[in-house]
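Okay, thanks for making time, everyone.

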Amino acid sequence: GQRGLDQKMLDVYLQRHRIEGREPSPDVGLRPVGTGFAGLLVDQDVAVLAGDVSWRVYPRGGAQAERHASDVLEPFIQTAFKVLQSDAEVWLPNVFDTRNIGRFWDIGPLPAPMFWGTDDLKEMYERLEGERRENEKQAIRDEISDYYAGNLPIVWRHWNAADVYCTWNERAQPSEVVYCRKMYAGDIVDRWGDAALPARKAGRYKDSEQPDVLDYVNGKYLAVVVPDKNDPKTPHVWKHGMGCVPVTYGDSGRLPDNEMGWMWMGAAFHIRELVHALDDTLTDMRTLVRESPTSPPVVYLNVEARGQLEGWPLNIQVEQGKTVNLLTDERLERAPVPQVNIDAYPLFDRLRSITEMVGVRRDALTGTGPSGQSAVHLNEANQIAKAELKRAHQGLQRGATRFAKLLFKSVRALSEEYPDAPDKVTIRPANPRLKSKPIQVGPEDVKGWEELVEASIDLNLPVNENAEILNYQIATQSMMLDPLSARERFGRIENPAE
């Protein structure tokens, strides 16, 4: 099924897949040799897709709506995207999963008010209540404001997509999602106490044991389950208040319905068997060469003549650095060694060319071509690569758009589910001295804007800047585009009016 296909895609990437070879001599041993074609294919796609992510909020209104979208909402999304990954990378693993197994899954963004429920914050408020001097009270208020800004109460974490199981509703949206993972028993006890582990006849768990843990999420609750046939435990249940299933996801390789149970494919799907054939052949070549790295010497002796001469042995041993005396009609040669089947090298070359043709070697990605046609090939590179990676590109953009929508919903959920929380979620406070605005939003700032957000991802493709300048001149002189639009398109200037 899908689980087996995912494991195969990961194995060929890590070169841990099964490689068959002829039985070598006992003193040599069989060592598999991989070509790395699957890893090269995935890595070059990841390099192209891992471009800068940006968001556009469509104002659908006048100057005030435009100012709110560009000065409040867009900076909040861009900055939150970086801050939420300050502890653990999320987006780059998403790009890798997209090309390796055809999809990615994350939990969140979703509210995490526990970041505002620490003893440090409680101590600050106690000091504020007990302070009578106004200047000291203002200093404590600034300290509290900095604390809120440095502890964003929203989380976003990457899930290993191969371990995620999902059911879908009639709108093709996730209705229930389960993530299967391992946790150390000691970590489970530290987080939820001894009662979080199932009882068993074998006695207490060792801290180093790793029982299964299930993260379950639906439209209302998030729960952690430690499964057990006789004594399952649910150490944590939490009402997230998002009004939807708070997961970020995207796919890039949906397969047609089939009897194998496969739904998603990775970038190396179509070369998975070719890689096996290549690696098997290369392993056999290596084994034969290692068994006989040099040709053994063979000496042809004249035994009859040596028997008639005094002091000439009938048998000699050839050793490195040792002089061997031969009679006139005797000779020393190299013995033949086992040879690789004469068809092995043509087979390897044919398999390699087919593998490269299927997808590994794509000159269009780098714009390589005959001398004198660099500009033409750079343009072809952009067009062809965008077409080949369009499904993956669109899947990542859909995931980034969903990230922004869940981010807005998290701000509203914090206000509705936790009324004692501050009115604004702050990432960066204002700097009055420099007249720098804060990066913060409240529930009224994001209400109704979820469906007006769209993400875009730049592809890391070769660009001919001279050709882009020429295209800009042609587009503006022919009045096909106005200068601002042409600057944004050909000059890649985000805010051309500025």
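So, a quick reminder that this is a predicted model. The largest cavity is lined by Trp-116, Val-411, Leu-414, Ser-415, Ala-421, Pro-422, Asp-423, Lys-424, Val-425, Val-441, Gly-442 and Pro-443. Which helix gives the largest share of that lining? That's α13, residues 390-417, with three residues. Sort the lining of this cavity by class and you get eight nonpolar residues, two polar and two charged. The space in there comes to about 50 Å³.

How many cavities of 30 Å³ or more does the structure hold? Two.

β2 and β9 belong to an open, antiparallel sheet of three strands, and the order is β3-β2-β9. Out at the edges are β3, 154-159, and β9, 247-251; each has a single partner strand, so one side of each has no neighbour in the sheet. From one strand to the next, the twist averages 20 degrees. Helix α4, residues 91-100, packs on this sheet and touches β2 and β3. The direction of α4 makes about 150 degrees with that of β2.

Let's zoom in on β2, which covers residues 103-111. Five bridges join β2 to β9, and the two run antiparallel. If you want a spot to look at, find Ile-107, which stands opposite Val-247 in β9.

On to another sheet. Here five strands make an open, antiparallel arrangement in the order β4-β5-β6-β7-β8. At the edges we have β4, 164-168, and β8, 233-239, each pairing on one side only. The twist in this one averages 15 degrees from strand to strand. β4 is joined by five bridges to β5, residues 174-182, and that pair is antiparallel. Tyr-165 stands opposite Val-178 in β5.

Lys-435 isn't a glycine, yet it has a positive phi of about 55 degrees. You'll find Lys-435 in the loop between β12, 425-428, and β13, 439-441.

Okay, the whole chain now. In total it has 16 helices and 14 strands. Is it compact or spread out? For 498 residues the globule rule gives 23 Å, but the radius of gyration here is 33 Å, well over that, so the chain is more spread out than a compact globule. Along its principal axes, the C-alpha trace spans about 120 × 80 × 55 Å.

That's my tour. Happy to go back to any part of it.

Definitions and conventions: Residues numbered from 1 in each chain as written. Predicted model: local features only at pLDDT ≥ 70, side-chain atom pairs only at ≥ 80, totals over all residues. Heavy atoms only, no water. Pairing = 2+ DSSP bridges. Helix = DSSP H or I, 4+ residues; strand = E, 2+ residues; numbered from the N terminus. Axes fitted to C-alpha atoms, helices over the stretch in contact; angles between N-to-C directions. Contact = heavy atoms within 4.5 Å. 1 Å grid on protein atoms, 1.4 Å probe; cavity = no way out; pocket = protein on both sides within 12 Å on 5 of 7 lines; lining within 4 Å. Points joined across faces, edges and corners; volume = space filled by probe spheres on them. Nonpolar A, V, L, I, M, F, W, Y, C, P; charged D, E, K, R; others polar. Rg over C-alpha atoms; globule rule 2.2 N^0.38 Å.
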